[in-house]
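Please consider the following briefing alongside the sequence and the coordinates.

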Amino acid sequence: MIKAILIFILAGLCEIGGGYLIWVWLKEDKPIVYGMAGGIVLILYGVVATLQPAGFGRVYAAYGGIFIGLSVLWAWWIDGFKPDRYDLLGALLALIGAGIIFFAPRH
């Protein structure tokens with residue numbers, strides 16, 4: 001279970017970080033090397049996600065909740081965006097949903 005959570009976190013950091021690098025390249029006129037690095041990190045995200053043991057659909061459904069939570073944290077820590085209680089509640093609900101999807105006992 002810890003390995004699965006760590007893979008989700010690594011995948012999320014790759015996806016958000018790669019997207020962020022492309023964002024700052026295009027929106028904040030950073031050098032093209034930011035965009036190229038972002039593209040490489042996004043490719044890495046695609047590879048990291050395949051390390052999960054479950055099937056594609058379930059992994060991506062659960063990952064959606066992890067992505068939401070990490071995105072709120074990224075915005076808070078990197079962009080200086082202060083999430084309000086609704087941001088935090090929404091992220092918490094998404095994380096609970098992700099946990100149910102991925103870790104529910106199945107036969």
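**Helix α1 and the overall fold**

Helix α1 (residues 2–27) has 26 residues, which at 1.5 Å a residue should span 38 Å, and its end C-alpha atoms are 36 Å apart, which agrees. The expected span is 1.5 Å times one less than the number of residues in the helix. Helices (H or I, at least four residues) and strands (E, at least two) are DSSP runs, numbered from the N terminus. This is a predicted model, in which local features need pLDDT of at least 70 and side-chain atom pairs count only at pLDDT 80 or more, while totals for chains, interfaces and linings use all residues. Residues are numbered from 1 along each chain as its sequence is written, and side-chain values use heavy atoms, with hydrogens and water left out.

**Fold and dimensions**

- The protein has four helices and zero strands, and its pattern along the sequence is α-α-α-α.
- Along the principal axes, the C-alpha atoms fill a box of roughly 50 × 35 × 20 Å.
- Of the 107 residues in the protein, 29% are buried; buried means under 20% relative accessible area, exposed over 50%, and partly exposed in between (1.4 Å probe, protein chains only).
- Among contacts (heavy atoms within 4.5 Å) between residues at least 6 apart in sequence, 63% join residues at least 24 apart.

- The buried residues of α1 are Ala 4, Ile 7, Phe 8, Ala 11, Gly 12, Cys 14, Ile 16, Gly 17, Gly 18 and Val 24.
- These buried residues pack against α2 (32–49), α3 (56–77) and α4 (85–103).
- An α-helix has 3.6 residues a turn, so residues three or four places apart point the same way.
- The largest nonpolar core has 16 residues, and Phe 8, Tyr 63, Ile 66 and Phe 102 have the most contacts inside it. Each of α1, α2, α3 and α4 supplies at least two residues of this core.
- A nonpolar core is a set of buried Ala, Val, Leu, Ile, Met, Phe, Trp, Tyr and Cys residues joined through side-chain atoms within 4.5 Å.
- Not counting residues up to four places away in sequence, Phe 8 touches Gln 52, Val 59, Ala 62, Tyr 63, Ile 66, Leu 70 and Phe 102.

**Residues of α3**

- Leu 70 lies in helix α3 and counts as buried, at 15% relative accessibility.
- Leaving aside neighbours within four places in sequence, Leu 70 is in contact with Phe 8, Ile 9, Gly 12, Leu 13 and Ile 16.
- Leu 70 and Ile 16 are 54 residues apart in sequence, and their C-alpha atoms are 8.1 Å apart in space.
- Gly 69 is also found in helix α3; Gly 69 is buried, with a relative accessible area of 8%.

**The largest pocket**

- The largest pocket has a volume of about 160 Å³. The elements that give two or more residues to its lining are α1 and α3, and the largest share, four residues, comes from α1.
- The lining consists of Ile 16, Gly 19, Tyr 20, Trp 23, Glu 28, Ser 71, Trp 74, Ala 75 and Asp 79.
- On a 1 Å grid over the protein atoms alone, a pocket is an open set of points where a 1.4 Å probe fits, with protein on both sides within 12 Å along at least five of seven lines; lining residues have an atom within 4 Å of a point.
- Grid points are joined across faces, edges and corners, and a volume is the space filled by probe spheres set on the points.
- By class, the lining has five nonpolar, two polar and two charged residues. Ala, Val, Leu, Ile, Met, Phe, Trp, Tyr, Cys and Pro count as nonpolar, Asp, Glu, Lys and Arg as charged, and the others, Gly among them, as polar.

- Asp 29 is found in the loop between α1 and α2 and is exposed, with a relative accessible area of 70%.
- Phi of Asp 29 is positive, near 55°. Most residues other than glycine have a negative phi.
- Ile 78, in the loop between α3 and α4, counts as partly exposed at 43% relative accessibility.
- Gly 97 is found in helix α4 and counts as partly exposed at 26% relative accessibility.
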